2 protein chains.
Amino acid sequence: MVASSVWVRWPRRQTQFPARPTRPPTRGDPPVSTGRPTLADVAVAAGVSVSTASLAFSGAGPIAAATRDRVLAAAADLAYPGPNPLGQQLRTGRSGIVGAIFGDRLRRSFRDPVSIQMLDGLAQSLGAHDIGILLIPSEAGDVPPLVAHAAMDAAVVVLCNGPDDAVVAALARRGIPVVLVEGDLGAPTERDGPAGRVPASHPTARVGIDDRRGTEALVRTLRALGHERFGVVALPFGHDRRLGEPDPARDPRSGYLATRRRLAGIADAGVVPEIVIETPASLVEHGRSAGHEILSRPDPPTAIIALSDLLASGVVLAARELGLRVPEDVSIAGFDGLDLPWLAPDVLTTVRQPLAEKGRQAGEAAIALIAGVPFPPVILPVQYEQGTTTAAPRAASHSNG
Amino acid sequence: MVASSVWVRWPRRQTQFPARPTRPPTRGDPPVSTGRPTLADVAVAAGVSVSTASLAFSGAGPIAAATRDRVLAAAADLAYPGPNPLGQQLRTGRSGIVGAIFGDRLRRSFRDPVSIQMLDGLAQSLGAHDIGILLIPSEAGDVPPLVAHAAMDAAVVVLCNGPDDAVVAALARRGIPVVLVEGDLGAPTERDGPAGRVPASHPTARVGIDDRRGTEALVRTLRALGHERFGVVALPFGHDRRLGEPDPARDPRSGYLATRRRLAGIADAGVVPEIVIETPASLVEHGRSAGHEILSRPDPPTAIIALSDLLASGVVLAARELGLRVPEDVSIAGFDGLDLPWLAPDVLTTVRQPLAEKGRQAGEAAIALIAGVPFPPVILPVQYEQGTTTAAPRAASHSNG
DNA sequence: CTGAAAGCGCTAACAC
DNA sequence: GTGTTAGCGCTTTCAG
């Protein structure tokens with residue numbers, strides 16, 4: 001049974017909203033006179049000059065209380081909604097907007113709480129300065145028109161792809177300061193990729209976490225429990241997203257920094273995984289697929305490290321579906337420190353990163369760069385968190401893996 | 001064991017980025033000359049007038065190909081990044097930005113895939129017109145500064161609270177067209193709430209779904225299966241969010257439209273629920289709490305209707321935790337039509353709504369209003385979808401409920 | 001097809 | 001404490 005099966009859509013009339021009367025157009029008069037009162041109108045009504053009227057609103061200079069009240073009263077009379085931001089912006093050269101560019105589809109990024117929590121922190125620090133966030137979803141590879149044309153005072157770029165990131169190059173060309181979250185531009189000598197050149201002098205800041213030491217600590221803990229044979233479910237390596245074992249031919253220098261660093265931490269702990277599955281995105285279903293792939297093998301590894309909690313939770317689901325007990329039959333760990341109530345009764349062993357703080361720092365970085373102040377790189381610490389999904393392997397076999 | 005325990009933060013130097021040389025300031029010269037090339041510079045370099053140079057970039061008028069090439073070459077020479085959007089915006093009176101205002105915390109809204117999918121659709125339709133989305137998180141009740149001051153050509157307001165919504169009033173005062181998603185302004189006569197007056201003439205559009213008939217169809221189906229005793233886990237009733245049985249004293253006319261309408265649909269199907277639990281937000285954990293509350297009672301209802309899928313999935317978790325089989329012991333249904341892979345092997349019985357399409361329509365509405373064209377109300381259909389979480393009650397007792 | 005002129009709405013340096 | 005003045009960078013008539 002279907003609730004309703006047609007698209008209800010009332011006919012559209014072509015009538016315009018009532019146009020306000022405009023003064024007779026003179027030569028060179030732009031056709032876009034809004035008809036709304038301006039600061040000049042208020043000034044006339046209050047019997048003061050425009051500059052004084054401006055002061056009444058901005059408070060950016062000395063003004064007699066009586067004068068200010070007179071101006072505000074006149075404004076109220078005229079239903080003047082306050083200074084037009086467009087005029088302010090042109091005059092001050094500031095838009096009051098910071099672009100947030102996600103190197104991925106909105107849909108995919110936003111199904112991941114990691115992006116959201118970061119965005120929340122970003123909104124906090126920028127909001128405190130009355131700076132707005134312009135959402136710029138960006139398909140992998142191409143440069144969205146908004147990056148090229150929208151007004152913004154700075155941009156926060158999440159998950160850029162290294163030296164050749166065309167988005168960052170476009171921003172640099174426009175002179176827009178860039179905050180790189182979980183990204184870098186490569187060594188200065190590498191910055192002249194085909195897509196563009198980011199001059200070393202371009203105002204840039206970096207905010208990241210110490211993920212390398214995070215996975216290292218995690219893996220060391222698992223080794224101490226007796227695990228010797230590891231599987232890894234990895235985040236995407238780069239914009240060319242795929243599911244399966246990674247292409248051995250890929251340039252290990254390129255691709256997403258977070259993925260590279262978290263893998264490096266595993267190596268730091270002295271572990272060479274028996275199997276690595278790359279996923280196209282940090283989503284439960286991809287973790288589930290990867291989990292099935294790894295756990296269905298004969299004699300699978302005793303511990304699986306997923307590079308994100310969403311992936312790890314997918315692996316847990318896969319294990320459950322295969323009738324494996326977690327952590328008795330297989331230990332599963334994640335990364336991020338998300339709250340995943342639906343995994344109950346299990347609680348993921350993970351490496352918690354300060355997501356909101358990362359966003360907040362990115363916001364502070366943007367604010368600093370806008371003010372012309374350099375912002376030194378920030379690397380936030382992460383913390384190992386024991387959950388219920390890891391334990392010693394059933395038979396801590398000392399046979400070589 | 002802890003990966004690292006201090007906040008790594010390198011010392012901040014106070015050096016400025018190298019300031020570009022500015023021409024000696026003359027009287028009245030604003031201090032904010034960017035030093036970057038302008039269209040005038042390009043025009044000089046190309047040996048044409050500014051108006052011609054403008055045409056070379058906008059293509060909004062006749063221009064000789066040779067002239068255009070000369071201008072573009074000069075622009076490339078000067079590393080001119082294209083017309084400054086701030087100038088364009090003041091001149092055209094358009095910011096190219098639509099505000100997206102969520103009547104809730106960013107964090108909360110964005111943990112809910114419903115908001116995200118809508119936002120994705122919104123980005124689609126606005127992006128096709130090169131219009132950017134300004135993200136405006138809004139605490140319940142107060143008017144964010146960005147609503148009052150940010151430049152935008154229109155605003156999409158999600159989940160407004162009825163006639164007295166201060167955010168909508170503020171937008172109306174500024175003359176900014178408003179698209180209401182899942183909201184209304186009450187009857188015209190009610191629009192003069194204490195918080196503000198939204199004149200009937202103010203450009204406004206509405207986009208919603210046929211949720212009333214959705215829950216009606218759902219409940220009728222359950223009744224046909226033999227269910228007679230229902231519990232309801234409700235979305236928040238209004239900005240005053242709480243968990244528990246609803247305040248009987250609340251004005252049934254106020255509060256979130258979606259909640260009211262979905263409840264109305266249940267009544268339409270001839271059902272008076274034995275128990276209603278209101279939740280503070282559409283989140284799994286609240287559904288879980290509510291589920292425990294309902295299912296722990298003696299002789300609980302045989303069917304539980306949650307007004308969102310996230311809430312419903314929480315109820316499923318609660319049932320599992322209480323050792324109840326779904327749907328044998330209790331039927332559970334949701335609303336939205338989300339993909340919840342982690343609920344496997346269960347698939348929610350639900351009412352699917354076209355979320356992305358809702359966002360797309362909101363975007364189209366905004367575009368229409370910006371162009372001064374009225375946009376008639378849109379009510380999108382919903383569709384009942386049978387999952388595995390509903391079935392006939394174990395003993396379809398015909399004793400009166 | 002190109003150039004001249006006018007001004008969108010505002011702020012801020014400076015003179016009074 | 002207030003007014004004068006000069007644009008911010010751009011688009012768009014309209015004349016040639």
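Trainee: In which sense do strand 2 and strand 3 of chain A pair, and over how many bridges?

Mentor: In this predicted model, strand 3 of chain A covers residues 132–137. One of its residues, Ile133(A), is the bridge partner of Val98(A). Strand 2 and strand 3 of chain A pair in the parallel sense, over six bridges.

Trainee: Which residue of strand 4 of chain A is the bridge partner of Phe102(A)?

Mentor: Strand 2 of chain A is also joined to strand 4, residues 154–158, by five bridges, and these two strands run parallel. Within strand 4 of chain A, the bridge partner of Phe102(A) is Val158(A).

Trainee: Why is strand 2 of chain A described as largely enclosed by the rest of the structure?

Mentor: In a regular strand the side chains alternate between the two faces of the sheet. Here Ile97(A), Gly99(A) and Ile101(A) point one way, while Val98(A), Ala100(A) and Phe102(A) point the other way, and all are buried. Strand 2 of chain A is therefore largely enclosed, the count of buried residues being six of the six.

Trainee: Which residues touch the most other members of the largest nonpolar core?

Mentor: This core holds 152 residues. Val179(A), for example, touches Ala155(A), Val207(A) and Leu369(A), among others. Those that touch the most other members are Val179(A), Ile305(A), Val179(B) and Ile305(B).

Definitions and conventions. Residues are numbered from 1 along each chain as its sequence is written. Chains are lettered from A and ligands numbered from 1 in the order in which they are written. This is a predicted model: local features need pLDDT of at least 70, side-chain atom pairs count only at pLDDT 80 or more; totals for chains, interfaces and linings use all residues. Side-chain values use heavy atoms; hydrogens and water are left out. Buried means under 20% relative accessible area, exposed over 50%, partly exposed in between (1.4 Å probe, protein chains only). Helices (H or I, at least four residues) and strands (E, at least two) are DSSP runs, numbered from the N terminus. Two strands pair if DSSP finds at least two bridges between them. A nonpolar core is a set of buried Ala, Val, Leu, Ile, Met, Phe, Trp, Tyr and Cys residues joined through side-chain atoms within 4.5 Å. Contact means heavy atoms within 4.5 Å. Lists of a residue's contacts leave out its neighbours within four places in sequence.
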